[in-house]
Amino acid sequence: MNEEHEEGIIQEMKLLMASKIITLKNCIESKRTYSLKRDVEVALGMISTLSTLINIDDVLAEVSCAVDLIQKSESISSNNQCLSNLAANCTFNELKGRPSFDISEDILEYFVEEDFKIADIANMLCVSVSTVKRRLRDYNIKLSERYSAIPDDELHELVKNIQTEFPEAGYQTIRSILSSKGHKIQRQRVRNAVKAVDPDGVAFRRLFLSVHRIQRRTYNVRAPRSLWHIDGNHKLIRWRFVIHGGIDGYSRIPVFLAVNTDNKAVTVFKAFEKAVETWGLPERVRSDKGGENVKVAEYMLMVRGNSSFIAGRSVHNQRIERLWREIWSGCVSFYYQLFYHMEEHAILDVTNEDHLKVLHIIFKPRIQDHLDSFAQALMRRPLRSEGSQTPMQLWIKGQTLDPYWESQNEANLELETYGIDYDGPVGHEFDSVDIPLNNIPLPEECMRLIEENTDKDPNSCINLFVNVINLLINL
């Protein structure tokens, strides 16, 4: 019994040592050096104590493992790295007069592309509005020329196609989707195009949807990557599809949306790991107590330490429940109705494993493309509660804030209520959902037919499904 207790203590010390090394790395990155000497001394003390309990080679192996974890989480995108310190530097020259501010053309181009106002750019760079205007003139960056000159008839056709793919999208979402496709259009032009293409839909949204507009309160998370919310969406579970998602609590950026045909912890962790490579490692993660989140919890506790993973009830994960509402109206409801339509017309039989296998192969990549497109639109859609700033703008401006501030002030945090939006939509409680695996291989002829047909039109997808099933029967 004493040996088991001692082994537990050693294992806990290993975890603490790995966590301390990660903390040192974060301190150096964020230039919080006021306690660096003390933290280094603590880390060295841990290594010294651990070396008296186990072989020194094992200690070095644990240090190496901690360094590997650091390198694995060292994947913040280049844009985030260059934005970690936004203030413009002064450049002195041999001429008389004040030193000039060093503002690169690339950074101004980036801010303009993300639709920042000149006043916001000035605040982030810590310069005056007139300085930003002068630099824009120097680099010949004209805001008015950023808008697309696409003719009205082509714009109407684009809007019609978007409404076919996203039937519930309003004009703000449509404008965001157009922007993600490379067409930056003035608000009024988009309004006029939507009115021309779908006048009945405009009237419906104005008369009915505005009544249900949610009154939001200020969210209590300090910075980007302070807290991510993760969850699974089971609206398509009848057809063995589950959507795993994560959202940054501060900026509302969907850091990952992945459709899968299983609900395993390894699958969720792969989606989370890919998000970390793109957006960086969060300080904390909140989720429900589903078994599919175990791998993410283990990773966070190993890398970030205690209190880095908050497991609570689904009803307390409102930030991502609000995202699921958006995903339902903008994407998932389309496939929900489509699959039921296929069942009602005896095209799809959910009790037939061959049917489900073909359905997964044909529709999974199409659903993923739909989710990716909608996520890009959400990143660029103005938020009413944030002064019409977009999630991407909040993310960029938030790089000047410290996501680790809460960790340094943990005594003031109540983890049970941290990241709860009491005015947000209430989620549903689910036990961990197990999805039966379908390992039936399809013949090469069927796979070749699917690969040759890449049309995303719903009718084309249904016809492809019918053709593959008929081919399967006749083989």
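## Charges over rings

Start with Lys-184: its charged end sits over the ring of Tyr-147, 5.4 Å from the ring centre. A second case has the charged end of Lys-235 over the ring of Trp-328, at 5.6 Å from the centre. Here a charge sits over a ring if NZ of Lys or CZ of Arg is within 6 Å of the ring centre and within 35 degrees of the ring normal.

A word on the ground rules: this is a predicted model, where local features need pLDDT of at least 70 and side-chain atom pairs count only at pLDDT 80 or more, while totals for chains, interfaces and linings use all residues. Residues are numbered from 1 along each chain as its sequence is written, and side-chain values use heavy atoms, with hydrogens and water left out.

## Aromatic pairs

Searching the whole structure turns up 15 aromatic pairs. To pair, rings of Phe, Tyr and Trp (its six-membered ring) need centres within 6.5 Å; planes under 30 degrees apart are stacked, over 60 edge-to-face, and the rest tilted. Phe-111 and Phe-116 make an edge-to-face pair, with 5.4 Å from centre to centre and 85° between the planes. Phe-111 is buried at a relative accessible area of 0%, and Phe-116 is buried too, at 7%. For the record, buried means under 20% relative accessible area, exposed over 50%, and partly exposed in between (1.4 Å probe, protein chains only).

Trp-279 and Trp-395 are also edge-to-face, 5.0 Å centre to centre with 75° between the planes. Trp-279 belongs to helix 12 and Trp-395 to helix 16, so this pair ties together parts 116 residues apart in sequence. Helices (H or I, at least four residues) and strands (E, at least two) are DSSP runs, numbered from the N terminus. Both Trp-279 and Trp-395 are buried. Then there is a cluster linked by ring pairs, made up of Trp-239, Phe-241, Trp-328, Phe-334, Tyr-335, Tyr-336, Phe-339, Tyr-340 and Phe-363. Trp-328 has turned up already, as the ring under the charged end of Lys-235.

## Salt bridges

There are 11 salt bridges, counting a side-chain nitrogen of Lys or Arg within 4 Å of a carboxyl oxygen of Asp or Glu. One of them joins the side chains of Arg-240 and Glu-353, at 2.8 Å from N to O. That pair links distant parts of the chain, 113 residues apart: Arg-240 is in the loop between strand 3 (227-233) and strand 4 (242-248), and Glu-353 is in helix 15 (residues 353-379). Arg-240 counts as buried at 14% relative accessibility, while Glu-353 is partly exposed at 28%.

Another salt bridge brings together the side chains of Arg-304 and Glu-283, 3.7 Å from N to O. Arg-304 is in the loop between helix 13 (294-303) and strand 7 (309-311), and Glu-283 is in the loop between helix 12 (265-279) and strand 6 (284-287), so the pair ties together parts 21 residues apart in sequence. Arg-304 and Glu-283 are both buried. Glu-326 and Arg-381 form a salt bridge as well, their closest N and O atoms being 2.6 Å apart. With Glu-326 in helix 14 (residues 318-344) and Arg-381 in the loop between helix 15 and helix 16 (391-397), the pair ties together parts 55 residues apart in sequence. Glu-326 is partly exposed at 22% relative accessible area, whereas Arg-381 is buried at 16%.

Most residues other than glycine have a negative phi. Arg-240, the salt-bridge partner of Glu-353, has a positive phi, near 65°. Ser-388 isn't a glycine either, yet has a positive phi of about 65°. Ser-388 is found in the loop between helix 15 and helix 16, and is partly exposed with a relative accessible area of 46%.

## Around Asn-233

Asn-233 is in strand 3 and counts as buried at 8% relative accessibility. The Asn-233 side chain reaches the backbone nitrogen of Lys-235 at 3.1 Å. That is a polar contact: N or O atoms within 3.5 Å, where within protein one must be able to donate a hydrogen and the other to accept it, and residues adjacent in sequence count only if both atoms are side-chain atoms.

Which residues does Asn-233 contact, leaving aside its neighbours within four places in sequence? They are Val-242, Ile-243 and Trp-324, with contact meaning heavy atoms within 4.5 Å.
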